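Open the model in your viewer and keep the selection tool handy. We will walk from strand to strand and then stop at some aromatic side chains.

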Amino acid sequence: MRLKAIICEVFTLEIHHAASRSTNCVDVEPLSMGLHDLGASMRSHLQERVDASDQSGYDAILLGYALYGRGTDGLRAGATPLVLPRAHDCIGVLMGSRGRHMAYFENHPGVYYRSPGRIKYQQRGERLEPALLSANHAIGERRSREELIAQYGEDNGNFLYQQFTAYRRTYSGLTYIWTGVGAEDGYRAEACAEAEREHWGFEEVTGTTRLLEQMVNGDWNKEDFLFVPPGAYVRATLGDEIMAAE
């Protein structure tokens, strides 16, 4: 099959690893982590990229996104079906299942998560306006205090930085998810150093590329993936399935 994978750049290392081992032809298009900061309004940006790939002869468009705070709710498949992993966010995907993520969350409330991709692409420091988001750029809480002060002045910059990072004060620990892909050098150390700076506890868990591998291999079982046929929409649900095609 010929597949297009539109992914959050958090998954860049893992998706390229999976695609290189797949018998399918997979074209990968990473989008900025900053889309997370847009919440539900990220949908319009994803729809634009889906529509741009719709007439390119792909057998399916893979979305390396989960529900993401309803950011994928309402996405429409054109002539090409869409495939999404059934998870609330990237943590569930990297842990291998929404069930494992929820079980971990129940026993570790107040935990902030990091992975090699989350560290690598947050550190890039490149910025772009939300309307022009594309690969290798970020916005929102990924902006440094210095950048905000330079743009808005000292008082306003400090205020905005406090607002963007206020959520961090609710955490008590940091969990680093290692999927075994790519060179680990520095990522674990950076995650550990961040936990120390924030006075958080630190824990490492073993992640997996299982869902991403199944996605690029065309193994779209109903338990783990949502298949959206041409003309249908992604709809958030209240049940364990997380999303449905409508």
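Select β1 and β2: they pair in the parallel sense over seven bridges, where pairing requires that DSSP finds at least two bridges between two strands. Helices (H or I, at least four residues) and strands (E, at least two) are DSSP runs, numbered from the N terminus. This is a predicted model, in which local features need pLDDT of at least 70 and side-chain atom pairs count only at pLDDT 80 or more, while totals for chains, interfaces and linings use all residues. Residues are numbered from 1 along each chain as its sequence is written, and side-chain values use heavy atoms, with hydrogens and water left out.

Now click on Ile7, whose bridge partner in β2 is Pro30. Together, β1, α1 and β2 make a right-handed β-α-β unit: with the strands pointing away from you, the path from the first strand over the helix to the second runs clockwise.

Turn to the other partner of β1. Strand β1 (residues 2–8) pairs with strand β3 (residues 60–64), again in the parallel sense, over five bridges. Select Lys4 to find Ile61 of β3 opposite, then Ala5, which stands opposite Leu62 in β3. Is β1 mostly covered or uncovered? Six of its seven residues are buried, so β1 is mostly covered (buried means under 20% relative accessible area, exposed over 50%, partly exposed in between, with a 1.4 Å probe and protein chains only).

Zoom out to the whole sheet: five strands form an open, mixed sheet in the order β2-β1-β3-β4-β8. At its edges, β2 (25–31) and β8 (225–228) each pair on one side only. The twist averages 20° from one strand to the next.

For the aromatic stop, note that the structure holds three aromatic pairs. In one of them, the ring centres of Tyr112 and Trp200 are 5.7 Å apart with planes at 55°, so this pair is tilted. Rings of Phe, Tyr and Trp (its six-membered ring) pair if their centres lie within 6.5 Å; planes under 30 degrees apart count as stacked, over 60 as edge-to-face and the rest as tilted. Tyr112 is buried at 5% relative accessible area, and Trp200 is buried at 9%.

Definitions and conventions:
Axes are lines fitted to C-alpha atoms, for helices over the stretch in contact, and angles run from 0 to 180 degrees between N-to-C directions.
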